[in-house]
Amino acid sequence: MRKRLILAIAGVLIGGSLNPLAGGARPALADHCDPSVQGAGCEDVGPSLEDFADIRRVPPGDGGVRAGRGSFTSRCGRNENGHRNSDNHIVAPGVSNGAHHVHDYVGNLTTNGSSTDESLAAGGTTCRLGDRSTYFWPVLRSRQGLGARPSASPSASPPASPTEAAQAAEATGIQQDATAEGVPGQDVPGEDVTAQDVTARHTEEPGGAAEGNVGTILLPRSVTLQFRGNPVSRVVAMPRFLRLITGDAKAATNGGVNARAQWTCSGFTNRLTGGYPLCPRGSLVLRVLDFPSCWDGQNTDSANHRTHVVFPARNGACPAGTRAIPQLRMTLAYSVPAGPSFAVDSFPEQRHNPITDHADFENVMPDRLMRSVVTCINRGLRC
């Protein structure tokens with residue numbers, strides 16, 4: 001009895017000393033908070049197990065913003081060059097680490113917190129056809145424990161049937177595998193890297209572990225940037241330097257009015273959810289980010305970065321006094337660890353809630369290219 005009591009007391013003392021939430025401290029990367037391992041222990045950091053949903057249990061329904069037949073896709077890569085920072089020149093201009101989480105960028109090579117219309121116009125680009133626009137979104141990270149084996153979580157979806165796996169491959173057009181793809185040059189969990197090593201290396205990175213954003217950044221398997229038509233009217237050209245945002249990075253505490261998070265899995269794109277999707281084996285996690293497309297005809301930005309371009313009605317019609325412009329849809333595909341072991345970067349108080357997913361865009365296309373985009377869309381072509 002005495003031995004059991006001593007062990008119990010020791011367990012409490014050790015547990016308290018190792019608890020990443022004890023004393024209100026934010027967990028370090030070593031405490032990575034993998035919900036599939038620590039469960040409720042991650043609730044004060046996020047995400048929680050309740051933030052994940054088996055995609056097969058999500059009913060078919062709304063497919064996001066309705067679009068017309070024509071479209072134009074800007075091919076800009078998937079950030080193979082590793083352009084990242086924790087800035088946001090649209091929402092927090094001139095501020096270093098203004099986002100408090102890390103963004104992936106494609107397109108303009110110079111984008112940071114100090115970017116201006118003029119600096120972007122002079123910058124290089126990863127896009128074809130001279131598109132110098134900047135496209136960015138918060139990174140997605142693997143939360144698997146360093147050196148831990150992939151979890152076979154009870155919450156994980158069962159393997160896909162051969163038919164579903166084939167549909168997944170056809171939907172993404174890329175080779176499927178079940179391995180989370182880390183960023184070249186970054187630390188990947190394994191025997192040669194300790195949690196302490198990675199913590200020391202990444203804690204001071206702006207928007208990283210010091211802000212509660214922990215884990216291995218996942219490089220998207222594909223990035224699709226599609227400008228789509230309006231189903232009830234022709235579109236007009238976006239003005240150069242038009243700035244757009246979609247979603248709300250603080251939706252978990254703002255009430256969700258501006259939330260636009262849409263998550264799904266390849267092969268299940270008629271099922272969108274605001275939660276992290278648990279996809280069958282062979283299916284990729286997809287983030288579908290729809291931007292507003294009804295422009296006031298005058299302004300390239302507004303005080304809240306929303307009122308100058310708003311979303312259309314459910315039937316696709318733009319409100320009176322606005323004009324339809326090409327509607328940008330970003331689709332980001334990822335191969336993630338099995339089970340609820342991944343999370344999007346966020347402000348610390350948002351606890352990596354999936355509803356906070358968001359993205360930003362500034363149009364820096366040459367006028368001639370934008371005219372081609374409009375012509376392609378209004379003729380019902382797929383360019």
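Aspartate 357 forms a salt bridge with arginine 287, with 2.5 Å between the closest N and O atoms. A salt bridge here is a side-chain nitrogen of Lys or Arg within 4 Å of a carboxyl oxygen of Asp or Glu. The pair links distant parts of the chain: aspartate 357 sits in the loop between strand 17 (342–344) and strand 18, arginine 287 in strand 12, and 70 residues separate them. Helices (H or I, at least four residues) and strands (E, at least two) are DSSP runs, numbered from the N terminus. Aspartate 357 has 0% relative accessibility and therefore counts as buried; arginine 287 is buried as well, with a relative accessible area of 0%. The cut-offs are under 20% relative accessible area for buried and over 50% for exposed, with partly exposed in between (1.4 Å probe, protein chains only).

## Basis of the values

The model is predicted, so local features need pLDDT of at least 70 and side-chain atom pairs count only at pLDDT 80 or more, while totals for chains, interfaces and linings use all residues. Residues are numbered from 1 along each chain as its sequence is written, and side-chain values use heavy atoms, with hydrogens and water left out.

Strand 12 covers residues 285–290, and six of its six residues are buried, so the strand is largely enclosed by the rest of the structure. In a regular strand the side chains alternate between the two faces of the sheet. Here both faces are covered: Val285, Arg287 and Leu289 are buried on one side, and Leu286, Val288 and Asp290 on the other.

Two strands pair if DSSP finds at least two bridges between them. Strand 10 (residues 263–265) pairs with strand 12 in the antiparallel sense over three bridges, and cysteine 265 has valine 285 of strand 12 as its bridge partner. Strand 16 (residues 327–334) also runs antiparallel to strand 12, joined to it by six bridges. On that side, valine 288 is partnered by threonine 331 of strand 16.

The salt-bridge count comes to eight. One of these joins the side chains of aspartate 117 and arginine 243 at 3.2 Å, N to O. Aspartate 117 lies in helix 3 (residues 117–121) and arginine 243 in strand 9 (residues 243–247), so the pair ties together parts that are 126 residues apart in sequence.

Arginine 243 also meets glutamate 362 in a salt bridge, again with an N to O distance of 3.2 Å. This pair links strand 9 to strand 18 (residues 358–362), with the two residues 119 apart. Arginine 243 counts as buried at 14% relative accessibility, and glutamate 362 is buried too. Through shared partners, salt bridges join Asp117, Arg243 and Glu362 into one network.

## Helix 7

Helix 7 (residues 367–378) has 12 residues, which at 1.5 Å a residue should span 16 Å; its end C-alpha atoms are 17 Å apart, which agrees. The expected span is 1.5 Å times one less than the number of residues. Its buried residues are Leu369, Met370, Val373, Val374, Cys376 and Ile377. They cover an arc of only 165° around the axis, which puts them on the same side of helix 7; the arc is that of the directions from the helix axis to the C-beta atoms.

The face turned away from the buried side carries the exposed residues Arg368 and Arg371. What covers the buried residues of helix 7 includes strand 2 (71–74) and strand 8 (222–228), contact being heavy atoms within 4.5 Å. Just after helix 7, glycine 380 takes a positive phi of about 75°.
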